[in-house]
Amino acid sequence: MLLSFIEFLGHFHPLLVHLPIGILFIALILHWMSLKEKYASLRPALPVILLAGSVAAFASCITGYLLSISDDYDQSMVSWHMWMGIAVTLVSLMLYAKEKYPLFAINKILLSGGLFVLLMITGHLGGSLTHGSDYLTKPFRQMLDSDSAAGTIIKPIANVPEAVAYTDIISPILESKCYGCHNANKQKGGLRMDEINLLMKGGKNGKIIEPGNADSSEMIKRLMLPTDDDNHMPPKEKPQLTESQVALLHWWITNNADPNKKVKDLAQTDKIKPLLAALQTTAREQKTRTDIPVTVIGQSD
């Protein structure tokens, strides 16, 4: 009961954490503007704004700590994020004290510059925890990657029969739909899916994959639940797997979830053959072609 209540309070962190960021950035902008004499009239508002930002930062620190102990995150990054958040709170309070009591012996320009840097670092660490350490660079990599195409999740594979099923087909599906909550920085339910050995190990509630028995595998069971079910994965507000992606996961697990075998070495049903063949087409062909072959070249029944 107590742990559930702590988790409930911790879930307010994503709601509260944006308040101090916005309030304190406004305070910094007004502070820097008020350095010019024509904007001196802004100065009386600064103590109130800074105090509000400090209180919001303190509340964010408390809920952030509760969230960190009720969920699974990379402890090193959580620690840095926590201490940077505490530093934001303390520096904003010091800046408030300086505005309220000008004789307070500390440089106001130094404080405001330090607060700006701390806000940027703390925000970046929070984004890394939530979206992955590459959340800033990933869009640029996708734009510069000539092989990627809008509307596709798995890149076209030049030679499907020679492709390693896990590396070239399964892993990209998991990366696009599952890694956000199950990675090195964040492990909901104690589960990491970004490495094959950790994927097979499972999480707090045990294994999610039963090699050779897809229907009994927790991963498939959760994927097949109605989207409004609390146990459905991914959560309904997240991008969902397509039917073909679920079918490919089911096929791979049925074939003993082997991380090393090539597509041509795995049994293929009539249902899975066109899905595999579609992976070899370009994004444009996937949208327009209706003559997808029913047999993957290089594999026999």
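**Entry 1: cysteines.** I kept in mind that this is a predicted model. How many disulfides are there? I got a count of zero. I then checked Cys181, which is in no disulfide. Its nearest cysteine sulfur belongs to Cys178 and lies 8.9 Å away. A disulfide needs the two sulfurs within 2.5 Å. Cys181 is buried, at 12% relative accessibility. Cys61 is partly exposed, with a relative accessible area of 21%.

**Entry 2: salt bridges, overall.** I searched the whole structure and found seven salt bridges. I wrote up several pairs one by one.

**Entry 3: Glu99 and Lys108.** These side chains form a salt bridge, at 3.4 Å from N to O. Is Glu99 buried or exposed? I found Glu99 buried, at 14% relative accessibility. Lys108 is partly exposed at 27%.

**Entry 4: Arg222 and Glu218.** The closest N and O atoms of this salt bridge are 3.1 Å apart. Both residues sit in helix H10, which covers residues 218-224. They are four residues apart, so about one helical turn separates them. I noted Arg222 as partly exposed, with a relative accessible area of 23%. Glu218 is also partly exposed, at 30%.

**Entry 5: Asp270 and Lys273.** I found a salt bridge here with its closest N and O atoms 3.8 Å apart. Asp270 is exposed, with a relative accessible area of 63%. Lys273 is buried, at 4% relative accessibility.

**Entry 6: a network.** I also noted that Glu162, Lys262 and Lys264 are joined into one network by salt bridges that share partners.

Conventions:
Residues are numbered from 1 along each chain as its sequence is written. This is a predicted model: local features need pLDDT of at least 70, side-chain atom pairs count only at pLDDT 80 or more; totals for chains, interfaces and linings use all residues. Side-chain values use heavy atoms; hydrogens and water are left out. Buried means under 20% relative accessible area, exposed over 50%, partly exposed in between (1.4 Å probe, protein chains only). A salt bridge is a side-chain nitrogen of Lys or Arg within 4 Å of a carboxyl oxygen of Asp or Glu. Helices (H or I, at least four residues) and strands (E, at least two) are DSSP runs, numbered from the N terminus.
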